[in-house]
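Please prepare a short briefing on the helix packing and ring contacts of the model shown here, with the criteria behind each term.

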Amino acid sequence: MTHTARRIGRSLALVLPVVMVLSGTLAVTRVSWSAQGSESQLLTAASETSLSKQAEAPAPQDVLRDKLLLELREKDPGVALTELQRTVEARPSLARHCMSIAKALGKAAVEQYGPTRAHRFSRPVCDTSFASGVAQFS
């Protein structure tokens with residue numbers, strides 16, 4: 001009995017790797033490696049879908065700017081500038097957008113409060129970009 005089991009085991013040990021290699025080779029040869037027909041269209045459609053989803057999502061700096069402009073309208077520019085400073089300190093990746101956001105806040109403050117009153121809210125946030133925005137749009 002042991003002799004028969006050994007003989008079957010040896011046969012499988014020799015035959016099984018050969019079968020696995022051949023089946024893998026046959027599987028690879030049946031795959032179309034060149035992009036033809038519908039495969040390239042599927043890839044293109046998938047990439048366009050992912051690009052359109054990325055284009056639809058607003059950038060973090062745009063979300064922050066819109067939030068701060070709303071806060072400026074509901075409360076006052078001082079609150080919005082304080083929130084801008086805190087957000088930039090918490091998320092340093094937004095620091096490069098700080099000046100443009102502060103300038104947009106300055107423009108909105110001039111539109112809502114007028115140049116004289118808007119200038120009173122100026123603070124040294126983002127290199128006084130808020131004051132620059134107030135001055136530019138006065």
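**Helix packing and ring contacts**

Thr87 is buried, with a relative accessible area of 14%, where buried means under 20% relative accessible area, exposed over 50% and partly exposed in between, for a 1.4 Å probe and protein chains only. This is a predicted model, in which local features need pLDDT of at least 70 and side-chain atom pairs count only at pLDDT 80 or more, while totals for chains, interfaces and linings use all residues. Residues are numbered from 1 along each chain as its sequence is written, and side-chain values use heavy atoms, with hydrogens and water left out.

**Helix H4 and Thr87**

- Thr87 lies in helix H4; helices are DSSP runs of H or I with at least four residues, strands are runs of E with at least two, and both are numbered from the N terminus.
- Apart from neighbours within four places in sequence, Thr87 is in contact with Leu64 and Leu94, contact meaning heavy atoms within 4.5 Å.
- The 14 residues of H4 (residues 77-90) should span 20 Å at 1.5 Å a residue, and the end C-alpha atoms are 20 Å apart, which agrees; the expected span is 1.5 Å times one less than the number of residues.
- The buried residues of H4 are Pro77, Gly78, Ala80, Leu81, Leu84, Thr87 and Val88, and what covers them includes helix H3 (60-74), helix H5 (98-113) and helix H7 (129-136).

- H3 has 15 residues and reaches 21 Å from its first C-alpha to its last, close to the 21 Å expected at 1.5 Å a residue.
- Leu64, Leu68, Leu69, Glu71 and Leu72 are buried in H3. They cover an arc of only 160° around the axis, which puts them on the same side of H3; the arc is that of the directions from the helix axis to the C-beta atoms.
- These buried residues of H3 pack against H4 and H5.
- In H7, the buried residues are Ser129, Phe130, Ala131, Gly133 and Val134, and they pack against H4, H5 and helix H6 (115-119).

**Rings**

- A search of the whole structure finds 1 aromatic pair. Tyr113 and Phe121 form this tilted pair, 5.5 Å centre to centre with 45° between the planes; rings of Phe, Tyr and Trp (its six-membered ring) pair if their centres lie within 6.5 Å, and planes under 30 degrees apart count as stacked, over 60 as edge-to-face and the rest as tilted.
- Tyr113 is buried, with a relative accessible area of 17%.
- The charged end of Lys107 sits over the ring of Phe137, 5.2 Å from its centre, the criterion being NZ of Lys or CZ of Arg within 6 Å of the ring centre and within 35 degrees of the ring normal.
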